[in-house]
Amino acid sequence: MGDNSAYGKPFVEKQLQTLANHLLLTSENIPEIGLYKGKTGICLFFYLYSSYSKTEFYDNSGGELLELIFEQVPAETDISFATGLAGLGWAIEFLSRRKLIDADTDEVLADIDEALLECYTGKSSTADDDSMLQIVPYLLMRESSKPRVEDDACLKILRQLKWLVDLQIQSIFQNRDANYQHRLSIDNLLNVLYHLIANPNAGGNNYAFLLPTLNAVTQINNDNLLAEFTKLTHLLLALQTRVSDPQIHHQFQLIIQLLRNQTAAISNHHGFAAEVNSIAKKTSIDLIYQLPLHLQPEHNGPYQLSDDTFWHGIVENINKHKPGLDGLAGLGLHILNRAS
């Protein structure tokens, strides 16, 4: 357990209770089911808060909300990670792995696996979108959930999805011009790096094909991407350990330093406001793009949640209309992570 003295533990626990109560009162009326902006993100917070506080009430609240989510999932729905089925499936697998729910996830998530495969099977590897990349966190969570025998039906579907992701990455970085690579979203670039880290045989061992896109990212000037730039740096540090070519390794080092300069400039220019505005997003990104323990970045010291003024400053600077991991649930998880 970490040192809670910097937090003022009674104060922190009071604010966690306040957040939990607020989310409890509003969760059923939120139309979105998604992980980032809807009920699924709140459900995660309830289960993790219950585990921290040893309060069965919020465990029950998480279970009731999860049942409501499944009841509200329409027959044809968004399959994306941020707002749809892939994010819901990731959350269920995450909760099962943490032993916060008791579920046979291969059975519970079979329909989601099949929906994803049905959506992407037949997509040309030269399609104009890179939407396949958005399911990478879900796919990696599912693949590593438990050992499976070779003829397992679930394993076959997951391998097909993984093959489609590989095709999508090859298409983007080998068959497209540089302009298309430069338009790759930061979120999907994170997904590409996460996939490459988890699959050492994908992409060779030099990753030179990433350099034009990464160089383009270093030219982006967007203060709202502090959390993304930070995680991008961490993922590149992990990937860099596999680069065998000295020249490419050096180019990776230069890009990493440029990204560090960007994050420092954003923090220095906007100070605390920039940190606060990205606090929930940082938490969700760290939770989703998890690295092996020996590659985890060092954490900064705990935020000084020691008085009401500081607390209200955080709440006012975060979008309270985003109750999922991008908003209040993410803020709650951040406090839980630092208080534990």
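The dialogue below sets values against definitions.

Tutor: This is a predicted model, in which local features need pLDDT of at least 70 and side-chain atom pairs count only at pLDDT 80 or more, while totals for chains, interfaces and linings use all residues. Residues are numbered from 1 along each chain as its sequence is written, and side-chain values use heavy atoms, with hydrogens and water left out.

Student: How many helices and strands does the protein chain have?

Tutor: The protein chain has 17 helices and zero strands. Helices (H or I, at least four residues) and strands (E, at least two) are DSSP runs, numbered from the N terminus.

Student: What makes the span of helix α3 close to the expected one?

Tutor: The expected span of a helix is 1.5 Å times one less than its number of residues. Helix α3 (residues 56-72) has 17 residues and reaches 24 Å from its first C-alpha to its last, close to the expected 24 Å.

Student: Which residues of α3 are buried, and what covers them?

Tutor: Buried means under 20% relative accessible area, exposed over 50%, and partly exposed in between (1.4 Å probe, protein chains only). The buried residues of α3 are Tyr-58, Ser-61, Gly-62, Gly-63, Leu-65, Leu-66, Leu-68 and Ile-69. Their cover includes α1 (9-27), α2 (39-53) and α4 (85-97). As a general point, an α-helix has 3.6 residues a turn, so residues three or four places apart point the same way.

Student: What share of the protein chain counts as buried?

Tutor: Of its 340 residues, 51% count as buried. The protein chain exposes about 16,100 Å², of which carbon and sulfur atoms supply 50%; such areas come from the Shrake-Rupley method with a 1.4 Å probe, and for residues only the protein chains shown count as cover.

Student: Why is the pair Asp-113 and Arg-142 called a salt bridge?

Tutor: A salt bridge is a side-chain nitrogen of Lys or Arg within 4 Å of a carboxyl oxygen of Asp or Glu. The N to O distance between Asp-113 and Arg-142 is 2.7 Å, so the pair qualifies. This pair links distant parts of the chain, with Asp-113 in helix α6 (residues 110-120) and Arg-142 in helix α7 (residues 136-143), 29 residues apart. Asp-113 is buried, because its relative accessible area is 2%, and Arg-142 is buried at 0%.

Student: Which residues are linked with this pair in a network of salt bridges?

Tutor: The network joins Glu-93, Asp-106, Asp-113 and Arg-142. Glu-93 lies in helix α4 and counts as buried, because its relative accessibility is 3%. Contact means heavy atoms within 4.5 Å. Leaving aside neighbours within four places in sequence, Glu-93 is in contact with Thr-105, Leu-109, Met-141, Arg-142 and Ser-145.

Student: How many salt bridges does the structure hold, and which residue forms one with Lys-281?

Tutor: The structure holds six salt bridges. Glu-228 forms one with Lys-281, the closest N and O atoms being 3.3 Å apart. Glu-228 is in helix α12 (residues 226-240) and Lys-281 in helix α15 (residues 279-288), 53 residues apart. Glu-228 is buried, with a relative accessible area of 6%, whereas Lys-281 counts as partly exposed at 24%.

Student: What does the salt bridge between Lys-231 and Asp-286 tie together?

Tutor: The side chains of Lys-231 and Asp-286 meet at 3.1 Å, N to O. Lys-231 lies in helix α12 and Asp-286 in helix α15, so the pair ties together parts 55 residues apart in sequence. Lys-231 is buried at 2% relative accessible area, and Asp-286 is partly exposed at 37%.

Student: How many disulfides does the rule give?

Tutor: A disulfide is a pair of cysteine sulfur atoms within 2.5 Å, and by this rule the count comes to zero. Cys-119 is partly exposed, with a relative accessible area of 34%, while Cys-154 counts as buried at 9%.

Student: Which residues touch the most other members of the largest nonpolar core?

Tutor: A nonpolar core is a set of buried Ala, Val, Leu, Ile, Met, Phe, Trp, Tyr and Cys residues joined through side-chain atoms within 4.5 Å. Of the 102 residues in the largest one, Phe-45, Trp-90, Leu-210 and Phe-252 touch the most other members. Not counting residues up to four places away in sequence, Phe-252 touches residues including Tyr-207, Leu-210, Leu-236 and Val-243.
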